[in-house]
Structure formats: structure tokens, C-alpha cells
Amino acid sequence: MSSDPSFELNSGGLIRALELLEGRGASGGASTSLPKSLPDVGLGEREALERLAPGVLGRATYLDAGHAMAHMDPPTPWITWAVALWNARLNQNLLHPATAPFAREAEACVVEWLAPFFGMNGGHMTTGSSLANLTALWAARDLRGVRKVVASSASHLSVRKAARILGLEYVEAAVDPRHRLDPATLPGDLSDACLVLTAGTTSIGAVDPLAGIGRAGWTHVDAAWAGPLALSGRYRNRLSGVDQADSVAVSAHKWLFQPKESALVLFRDTEAAHHTLGFGGAYLAAPNIGVQGSHGAAGTLLLATLLAWGREGMAARIEHCMDNASRLQAFISAHPGLEGFPDGGTGVIVFRPASRKVEAFSAALPQGLASPANLNGEAWLRCVSANPNADMEGILAAIDEAGRR
């Protein structure tokens, strides 16, 4: 029986895919409309590429565009595109050492490299910080017997989700005017609680007082956004005290510039955490750790990036983003037509026109520059400095023009 060419290397097809990528989907006016139902007869791989390119590539928002500052989604380095291609070819499952020996080694390597920056001694990768938060709270429940989760009203919704999934009571603490958890509103007895502190809230990038670590039965730091500041010599102090936490979540697909889906959950006592999170099975050669069973080789992409850039290269790009945010904050503060929200200190800038006509002002901005935010029941706009290629001159000019209209 002859082999199926669909599973063989097709250099011409891959080169065409690269050509379409370079042209951002321009493929001779091919229609982006999709069939209403599954076709009985397929188009073939090459024609399918041509049909999909205008939609997949042509209708996407490019996160490396000059005005891209609206979301916590960064552009990704080309080395991750290449390694993602290798991963798709191999389709390795890290559940099985026999099918993914190097991919497992790669994940262990990046965890070993990154965990010490947070004072943790290990952990594992997950598909996102929502899953990382769930995993950490699961460890807190089973290792320390916590019965409730305490977090601020500005914490990520995944914390409330995790509490519900795990059958834990959720207690919400208030925030101060800078949207940081207000320690005065915490319950007096936290011995049976997991206290979740946020390092980089979604709305304004605020960092909760990390001095509160140690007050509870377990302390978890949701550092999905601001965690990578730990690699920066200039900004590491914004996470001072994180090394005393029991667990930390970090989204690699945010400020580590990785494709989705890539995050880490790190533990101060990994052996104990992984023991309680580990399950064996008749078909497993090694225990399955954490929530996920089958999962792919995201660690190889992160490993490639860290090898290519090193700590200094990663820190330089994060610091450049922070510098861009500082420049934007200073511009807003000095602009007579703009009003700024207190700076959270981690590259998220929130502002609005002094007229407070936010909707009209937003409509005058280039698409992808800002996203809506609701703070204290009021409308604001948010810029997130996740794009090292942001054209700050163009961004400031666009905001100035919209502010003067």
C-alpha cells in the first residue's frame, strides 16, 4: 500500500504557506466564505491554503503593528513560529516520555531556569494562567486544607472560577484607590484560607501589597501579567516579597512573548505539590502532574526564545515596553485634554478625555490602540505596553489629535 502524501513533507506547500504569510493572505482575490456544511469532496491542501489565507492572515489583528497597545497580547518572535512548525510536524504528547523525550526535557529546563527568579524551586507548564491559578489553589486545598479563597475585587475572574470548581468559599476583599488589595479589609483569621495576591491586575496593572504573604494558610501570587518583571534588573523590585509565596502563576504568552497557549505554575515546595497533584495509570510510564492530561510541547518554543535572547535580551524588551508606558503616562499627565488614572506601575496605562466622552474619543483612535475599561463604574480606556514594536510617536500623535477634536 502506498503512503499517504498528506502526511509527508511537502516543501512546495510549506513555501507557499510562507509566501502567503509574507503577503498577509493576499492570494489572488480568493473568497473567504466558507461552506455552510462539511463538503463531501475536499479541496486539497494547496487550495485549502489559498482559500483560508485571506481570512486567517488577512483579517487578523497584527499585534506588532505600530498602534497595537490595546491588549495584553504581545507579538511573537519568529523563532517561535519556526519551532511551532516543528511541533505541529511531530505532534508530541508530553504525557508519554517515549513520544516526547526532548520536549519533556525542554519544559523541565525552562521551569528550572525561571523558577529561581520567583524564589520557587520548580513547577510545570500549563496552557494559561487560569489553569495555573486553578492548579495552585488545588494544591493549597489538598496540602494545607484551605477552605476558602480570599482575593481582591480586582483579581482575575479565573480565581473565582477556580474557587467554585474546587468547592471553596470565595471571599472578596476591597481595593484602595490604586486598585491594590486593601489589607485592612481582609478577614482577621486567614489560617484556613488561600490568599491570592495579584501582581499586575488586568484593568490597570496594579500590584497588591506582597508584604501580606505569609498571613494565610497558603499564599498564591497571580503574576500572569507582571511576573516577567522578575527578569529585569530595573523593575524586579516591583515584585519584592514574591519569593515568600507558596505558589506563583506566570503567563508566558504575555510578557515572555510566547504564542498561546503557554504559562507556568511554580511552587516553593514542588515535591510536595507535585506529589498531591500527581496521578498514575496503567498506561502511564510516569505520573501525570496537574490538571491537564495530554498536552503539547509549548516548552520548546519558550526554550528557543530564552536561548536566543538570554535573560538580558528578554529583560531589554520588557524594559523597553515599560519605558514606552512611562512615556505615555507622562504625555497623558501633561495633556490638558486628557485625564489619567493612577499608574499601576507595570506598563498598563489607563486614561480618558477630560470631557469624559469616552466613546467618541475612542472612535477617533486607530483600531488596536486602546481598549475599554470600566473602573469604579466609570468608562476609561486602557493601553497595554506589550508590543516592543509600538510606534510611540504615532501613538502619541493619534491620542493628541483625538484629544483635541
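This is a predicted model: local features need pLDDT of at least 70, side-chain atom pairs count only at pLDDT 80 or more; totals for chains, interfaces and linings use all residues.
Let me start with charge. A search of the whole structure finds 15 salt bridges. I'll take a few.

First up, helix α1, residues 11-22. Glutamate 19 and arginine 16 both sit in this helix, three residues apart, about one turn. Their side chains meet in a salt bridge, 3.3 Å from N to O. Why does that spacing work? In an α-helix there are 3.6 residues a turn, so residues three or four places apart point the same way. Glutamate 19 is partly exposed, at 40% relative accessible area.

Now a bridge between loops. Aspartate 192 pairs with arginine 147, and the closest N and O atoms are 3.2 Å apart. Aspartate 192 is in the loop between β3 and β4, and arginine 147 is in the loop between α5 and β2, so the pair ties together parts 45 residues apart in sequence. Buried or exposed, for aspartate 192? Buried, with a relative accessible area of 18%; the cut-off is under 20%. Arginine 147 is exposed, at 59%.

Next, helix to helix. Glutamate 393 forms a salt bridge with arginine 327, with 2.4 Å between the closest N and O atoms. Glutamate 393 belongs to helix α10, residues 392-404, and arginine 327 to helix α8, so this pair ties together parts 66 residues apart in sequence. Glutamate 393 counts as exposed, at 53% relative accessibility. Arginine 327 is partly exposed, at 36%.

There is also a network. Salt bridges link Glu339, Arg352, Arg356 and Glu378.

Back to α8, residues 298-334. A straight helix of 37 residues would span 54 Å, but α8 spans only 43 Å between its end C-alpha atoms. Look at glycine 310. A kink of about 95° is centred there.

Now the alanine. Alanine 206 lies in the loop between β4, residues 193-198, and β5, residues 218-222. What does alanine 206 touch? Leaving out residues up to four places away in sequence, its contacts include Arg178, His179, Arg180, Thr198 and Gly344. Arginine 180 is 26 residues away along the chain, yet the two C-alpha atoms are separated by 5.9 Å.

Last, the surface. Leu9, Leu14, Leu85, Trp86 and Leu90 make up a nonpolar patch, with about 580 Å² of accessible area together. Helix α3, residues 78-90, supplies the largest share, three residues. Leucine 85 lies in that helix. Leucine 85 is partly exposed, at 46%.

Terms used
Residues are numbered from 1 along each chain as its sequence is written. Side-chain values use heavy atoms; hydrogens and water are left out. Patches are made of residues with over 30% relative accessible area and no salt bridge: like charges are joined within 9 Å, nonpolar side chains (Val, Leu, Ile, Met, Phe, Trp, Tyr) within 5 Å. Accessible areas come from the Shrake-Rupley method with a 1.4 Å probe; for residues, only the protein chains shown count as cover. A salt bridge is a side-chain nitrogen of Lys or Arg within 4 Å of a carboxyl oxygen of Asp or Glu. Helices (H or I, at least four residues) and strands (E, at least two) are DSSP runs, numbered from the N terminus. Buried means under 20% relative accessible area, exposed over 50%, partly exposed in between (1.4 Å probe, protein chains only). The expected span of a helix is 1.5 Å times one less than its number of residues. The bend at a residue is the angle between axes fitted to the seven residues ending there and the seven starting there. Contact means heavy atoms within 4.5 Å.
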